[in-house]
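Visitor: I am new to this structure and would like to learn how to read its features. Could we go through them one at a time?

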Amino acid sequence: MLKWLKDRFGRSTQSNTPVIIDRDNHPVSRKLISRNALKVIYRLLDHDHEAYLVGGGVRDILLGGRPKDFDVATSATPEQVKKLFGNARIIGRRFKIVHVRFGREIIEVTTFRGSHDGKSKSDAGMLLRDNVYGSLEDDAIRRDLTINALYYNPKTFAITDYTGGVDDIDHECIRIIGDAETRYREDPVRMLRVIRFAAKLDFDVESKTARPIARLGYLLEDVSSSRLFDELLKLLMSGHAAAVWELLQTYQFVDVLFPGLNGYLEAPQHANFIERAMQSTDARIKADKPVTPAFILAALLWPMIERRNNQLIQAGTPAVEAIRIASDEIMSQQIKRIAIPKRFSFVMREIWEMQGRLANRHGKRAYRLMEQKRFRAAYDFLVLREEAGVDLDNLGVWWTEFQDASEEEREAMIQALQRAGNGPKKRRRRPRRKPNGNSKGNASE
Ligand code: ATP
Ligand code: MG
């Protein structure tokens, strides 16, 4: 049981009687909340609107963590909110929200959502619009998970809980509000949110919440590819990518997000490699080292890239072209599902291309490769492949030693390669064209 939870709060069975947790019974206080979020709430309250802190801001403080952003829910309409703040912008059409900007911090303000009529849903049950406004209670039951539907009022200092969220936080439980299948049909991204929070908080997913997910994964095909990219980024860059990856497999989401990948995961070397890439990203985030989503995305698509690349090479395509063709093919298939922005796909291609080039180390090449902008990422990628059990003739180990070696040692390493037959291949010289002869003779080269 949570330290601060002195009383057990039973789930409110009648949804119109919320559980109110007063200030002495929870750890949320103004000190832990962004000043800007408080400013927004107080101004709304001063203008006779209702306003609360909601979502991750309340959830993460209750769990003893630090919220990454602060969301506000209010009875004021988006237009009313905008009028109160010079620094506010209404965004979204389907789901209007107001962003109030304070330098780099954005406070997201949403108007209480009400229940909607059937007209705002597609035939498949997906919500097309959600701009019907309602009461605080309506808003609570429109939210995704019980742990995300807790409201803190900084004037009364109380938390209002309509859905049993405090109880679920105490039991470390992810529970969707309402009927799971209906809520996933309305917005399939909620399934990814279940996975994200289960992984991030290390909570169990309640059985009714979990059950329909594997069956409904195909609904994600109707979600826009750019929204899926945003969600994927949150899933993989949360510092809990390894746990997310496990759940994506459990819920059979691999092929929905990365069409064609699932079949490769039976090979331990591919499964190990992706797992290691996730673990390594998590470790870097924990150590506050820079990370790029390009690395993890490059790892996820690598089994397919590698296979296609090998096929092309076996069919006689030169290596430099093979990797480009493989990258183009797999990437164009992937971006139909998830819109990977160019700034990342460019880096992914560089990492893939470098995998082949890292084997060519003779002469001055090793030194030149080390100066390449993408060397570090490509080297890390190579080492992970080797650690995952791919036989690369100790290429990763070689590069690790080479980087740690002195100048003389490096020269000796390159000489040793030459002796072992890894040096530059001698090019056969083309026979010179005779000035007046026909040149067809070199077709056999
Ligand atoms: P974090 O910001 O730490 O990722 P969060 O819970 O605050 O977590 P946001 O994406 O900021 O997540 O959303 C704020 C709140 O809006 C959520 O806590 C939830 O109550 C509600 N919400 C977000 N997405 C959905 C959705 N797809 N369906 C229903 N409610 C949602
Ligand atoms: Mg948030």
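Visitor: Which residues does H270 touch, leaving out those up to four places away in sequence?

Guide: This is a predicted model. In it, H270 touches Y264, P303 and E306. H270 itself belongs to helix α13, residues 268–286.

Visitor: Is H270 buried or exposed?

Guide: Buried means under 20% relative accessible area. H270 has a relative accessibility of 11%, so it counts as buried.

Visitor: Which residues coordinate the magnesium ion, ligand 2?

Guide: D69 and D71 do, each through OD, at 2.1 to 2.4 Å. D69 is partly exposed, with a relative accessible area of 30%, whereas D71 is buried at 18%.

Visitor: How is a pair of aromatic rings described?

Guide: By the distance of the centres and the angle of the planes. A search of the whole structure gives twelve aromatic pairs. One of them joins W398 and F402, with 4.7 Å from centre to centre and 10° between the planes, and is stacked.

Visitor: Where do W398 and F402 lie along their helix?

Guide: Both are in helix α19, residues 395–404. They are four residues apart there, so about one helical turn separates them. W398 is buried, with a relative accessible area of 11%, and F402 is buried too, at 0%.

Visitor: Which aromatic cluster do W398 and F402 form with other residues?

Guide: The cluster consists of Y367, F375, Y379, W398, W399 and F402.

Visitor: Where do nonpolar side chains tend to be in soluble globular proteins?

Guide: They tend to be buried together. Here the largest nonpolar core has 110 residues. Helix α14, residues 293–314, supplies the largest share of this core, twelve residues. A second, separate core has 20 residues, including M354, Y379, V390 and L392. Y379 is also a member of the aromatic cluster.

Visitor: Which residues have the most contacts inside the largest core?

Guide: They are L44, F253, L257 and W352. Setting aside neighbours within four places in sequence, L44 is in contact with H49, A51, V72, T74, A76, V81, L84, F85 and V109.

How values were computed: Residues are numbered from 1 along each chain as its sequence is written. Chains are lettered from A and ligands numbered from 1 in the order in which they are written. This is a predicted model: local features need pLDDT of at least 70, side-chain atom pairs count only at pLDDT 80 or more; totals for chains, interfaces and linings use all residues. Side-chain values use heavy atoms; hydrogens and water are left out. Donors are N, O and S atoms within 2.8 Å of the metal (3.2 Å for Na, K and Ca); water is not among the atoms, so sites may look incomplete. Buried means under 20% relative accessible area, exposed over 50%, partly exposed in between (1.4 Å probe, protein chains only). Helices (H or I, at least four residues) and strands (E, at least two) are DSSP runs, numbered from the N terminus. Contact means heavy atoms within 4.5 Å. Rings of Phe, Tyr and Trp (its six-membered ring) pair if their centres lie within 6.5 Å; planes under 30 degrees apart count as stacked, over 60 as edge-to-face and the rest as tilted. A nonpolar core is a set of buried Ala, Val, Leu, Ile, Met, Phe, Trp, Tyr and Cys residues joined through side-chain atoms within 4.5 Å.
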